[in-house]
Amino acid sequence: MKRQRTLTACVALVAASVLVAGCGGDDEKSDKADEGKIAGTETTAPAKPTPTASEAAGETDGPDLSLPKDLKVVTDWEAPTDSEKADVLKSAVGYLTALDVGIAHQDSEDPAVGHFTYPQSRAATLAKQHIENHVKDHASVTGTERLHRYEVNVVRPHSTAVVSLCVDDSQYYGKDVKTGEVHKSEPSAKDHTAYEFGMKTTGSKAPWRVWEVRAETSSAKCQ
């Protein structure tokens with residue numbers, strides 16, 4: 001059983017949402033995007049994040065993303081040469097890594113999760129639910145998540161962006177917290193997921209955070 005599927009199943013429900021429109025496109029684009037939204041999926045604008053103590057002190061390196069020895073998140077790519085795109089991508093990877101940190105610590109309030117999610121956003125809600133589902137089932141994860149084939153679109157500099165990337169979970173497994181038993185499964189198309197992240201920041205020196213997520217399981221482009 002691969003509990004990562006919990007997040008994938010949830011975010012797939014909003015596949016009709018348009019990330020770029022939510023990222024502050026012009027009014028005409030936003031109007032067109034509203035026409036394609038699923039009824040009931042509308043959300044109010046998330047609150048502007050309050051700087052953490054470390055951010056207020058000028059420390060922008062972020063929280064501890066250390067994982068157990070049996071768990072890895074690897075990126076199979078060269079980082080963007082553009083510094084802003086590199087920061088956006090790093091934060092998207094940080095979001096996925098923070099989910100594993102929270103699961104490993106069995107703590108949905110882990111600082112890593114809060115650092116990479118925009119307050120009161122769908123991404124924050126999904127992250128919390130995803131981790132709490134693992135805690136409820138006494139489940140953790142082990143193995144390697146491989147991230148590859150990224151694309152970064154900065155919609156508005158120092159404000160909004162969209163990241164797309166592929167996740168290969170063929171070597172990523174569920175693990176029973178109580179017994180340590182690993183639930184391995186045969187590799188399949190379901191191990192390959194295409195993610196898109198809507199990203200926001202409040203300025204050139206503020207961290208990028210994920211505010212919206214959507215995914216496509218068994219993605220052909222990610223295999």
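Colleague: Which residue just after H7 takes a positive phi?

Modeller: That's His138, with a phi of about 55°. This is a predicted model, where local features need pLDDT of at least 70, side-chain atom pairs count only at pLDDT 80 or more, and totals for chains, interfaces and linings use all residues. Residues are numbered from 1 along each chain as its sequence is written, and side-chain values use heavy atoms, leaving out hydrogens and water.

Colleague: And what residues does helix H7 cover?

Modeller: Residues 122-136; helices here are DSSP runs of H or I, at least four residues, and strands are runs of E, at least two, numbered from the N terminus.

Colleague: Which residues in H7 are buried?

Modeller: Ala123, Ala124, Leu126, Ala127, His130, Ile131 and His134. Buried is under 20% relative accessible area, exposed over 50%, partly exposed in between (1.4 Å probe, protein chains only). Seen down the axis, the buried residues of H7 fall within an arc of 170°, so they line one face of the helix; the arc uses directions from the helix axis to the C-beta atoms.

Colleague: New topic: how many salt bridges are in the whole structure?

Modeller: Seven, counting a side-chain nitrogen of Lys or Arg within 4 Å of a carboxyl oxygen of Asp or Glu. One of them pairs Arg122 with Glu212, closest N and O atoms 3.5 Å apart. That pair links distant parts of the chain, helix H7 and strand S6 (residues 209-217), 90 residues apart.

Colleague: Is Glu212 buried or exposed?

Modeller: Glu212 counts as buried, at 9% relative accessibility, while Arg122 is partly exposed at 26%.

Conventions: The expected span of a helix is 1.5 Å times one less than its number of residues.
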